[in-house]
Amino acid sequence: TQLAPASPLGWLLLGKYHMTHHDLDAAEDALGRARELDPGNPAVYLATAELCASRGQYADMTTWNRKALSLAPDDPGLWQAVARMYLTRMLIEDTLAVEAAHRAVMLAPDDAESHVLLGWAHLLRSEPQEALVELQKAVDLEPGSGEAHYLLSQALRQMGEESAAREEQIRAADLGYPTPGSP
């Protein structure tokens with residue numbers, strides 16, 4: 001930011017750096033500068049939503065996420081990022097969590113990540129049958145996804161299928177999942 005103060009990328013990266021080091025006021029300042037320099041960049045608004053989440057300001061998080069999505073409504077990766085932001089915090093009561101997961105599947109029906117997120121949303125809503133359908137699609141699309149196998153094991157467990165759940169959980173572990181910080 002010192003060498004290129006007009007570069008929004010530098011300010012965005014600085015804001016994310018400050019977030020990882022828990023200096024949220026400095027992160028807010030840097031992200032504010034990035035938004036001033038590049039108001040059409042959804043990544044800046046997504047980072048601002050992450051900052052709000054770090055502060056427990058979930059209503060503001062939703063506002064910033066909706067702004068990001070309005071700038072790139074056909075970007076499945078953005079919808080996936082928004083869905084994951086809610087799901088990792090188990091904020092399933094916010095309608096944007098499920099909306100983002102559904103939209104990701106609509107935009108990228110052959111992307112395992114989209115089905116993982118929608119399956120996870122169903123799982124958190126105690127809808128194991130719907131979760132099972134989406135998570136099986138994810139496993140079919142990407143058999144090496146430890147996360148998909150792990151969440152599939154949780155759906156099977158919710159359905160009382162303990163033996164099948166154990167098999168999926170072992171498969172997830174064989175694939176290196178879960179890892180620290182995973183669901």
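Let's start with a contact. In helix H5, Gln80, Ala83, Arg84, Leu87 and Thr88 meet Glu113, Ser114, Val116, Leu117, Trp120, Ala121 and Leu124 of helix H7. Contact here means heavy atoms within 4.5 Å. Helices are DSSP runs of H or I with at least four residues, strands are runs of E with at least two, and both are numbered from the N terminus.

Some ground rules. This is a predicted model, where local features need pLDDT of at least 70 and side-chain atom pairs count only at pLDDT 80 or more, while totals for chains, interfaces and linings use all residues. Residues are numbered from 1 along each chain as its sequence is written, and side-chain values use heavy atoms, leaving out hydrogens and water.

Back to H5 and H7. Nonpolar covers Ala, Val, Leu, Ile, Met, Phe, Trp, Tyr, Cys and Pro; charged covers Asp, Glu, Lys and Arg; the others, Gly among them, are polar. The two helices pack at an angle of about 30°, with axes 10 Å apart. Axes are lines fitted to C-alpha atoms, for helices over the stretch in contact, and angles run from 0 to 180 degrees between N-to-C directions. H5 and H7 are therefore roughly parallel. The cut-offs: under 35 degrees is roughly parallel, over 145 roughly antiparallel, 65 to 115 roughly perpendicular, and the rest oblique. The H5–H7 crossing is left-handed. Left-handed means that the near helix is turned anticlockwise from the far one by less than a right angle; clockwise would be right-handed.

Now the whole chain. How many helices and strands does the protein chain have? There are 10 helices and 0 strands. From the N terminus, the elements read α-α-α-α-α-α-α-α-α-α. The C-alpha trace spans about 55 × 30 × 25 Å along its principal axes. Of the 183 residues, 44% are buried. Buried means under 20% relative accessible area, exposed over 50%, and partly exposed in between, with a 1.4 Å probe and protein chains only. Take the contacts between residues at least 6 apart in sequence: 51% of them join residues at least 24 apart.

Next, the cores. A nonpolar core is a set of buried Ala, Val, Leu, Ile, Met, Phe, Trp, Tyr and Cys residues joined through side-chain atoms within 4.5 Å. The largest one has 46 residues, and Met61, Val82, Tyr86 and Leu151 have the most contacts inside it. Which elements give two or more residues to this core? They are H3 (42-54), H4 (58-71), H5 (76-88), H6 (95-107), H7 (112-124), H8 (128-141), H9 (146-158) and H10 (162-174). Apart from it lies another core, of 11 residues, including Trp11, Met19, Ala34 and Val44. In soluble globular proteins, nonpolar side chains tend to be buried together.

H1 is residues 8-20 and H2 is residues 24-37; they pack at about 160°, axes 8 Å apart. That angle makes H1 roughly antiparallel to H2. Their crossing is left-handed. H1 brings Pro8, Trp11, Leu12, Leu14, Gly15, His18 and Met19, and H2 brings Leu24, Ala26, Ala27, Ala30, Leu31, Arg33, Ala34 and Leu37. By type, that is 12 nonpolar, 2 polar and 1 charged.

Two residues up close. Tyr86 is in H5. Buried or exposed? Tyr86 is buried, because its relative accessibility is 1%. Beyond four places in sequence, Tyr86 touches Met61, Thr62, Asn65, Leu91, Asp94, Leu96 and Ala97. Gln169 is in H10. At 31% relative accessibility, Gln169 counts as partly exposed. Leaving aside residues up to four places away, Gln169 touches Tyr150, Ser153, Gln154 and Arg157. Gln169 and Asp38 are 131 residues apart in sequence, and their C-alpha atoms are 44 Å apart.

Last, some backbone details. Met90, in the loop between H5 and H6, has a positive phi of about 55° although it is not a glycine. Met90 is exposed, at 56%. Ser126 is in the loop between H7 and H8. The phi of Ser126 is also positive, near 55°. Ser126 is exposed, at 55%. Where is Pro178? Pro178 is in the segment after H10. The peptide bond from Tyr177 to Pro178 is cis, with omega near 5°.
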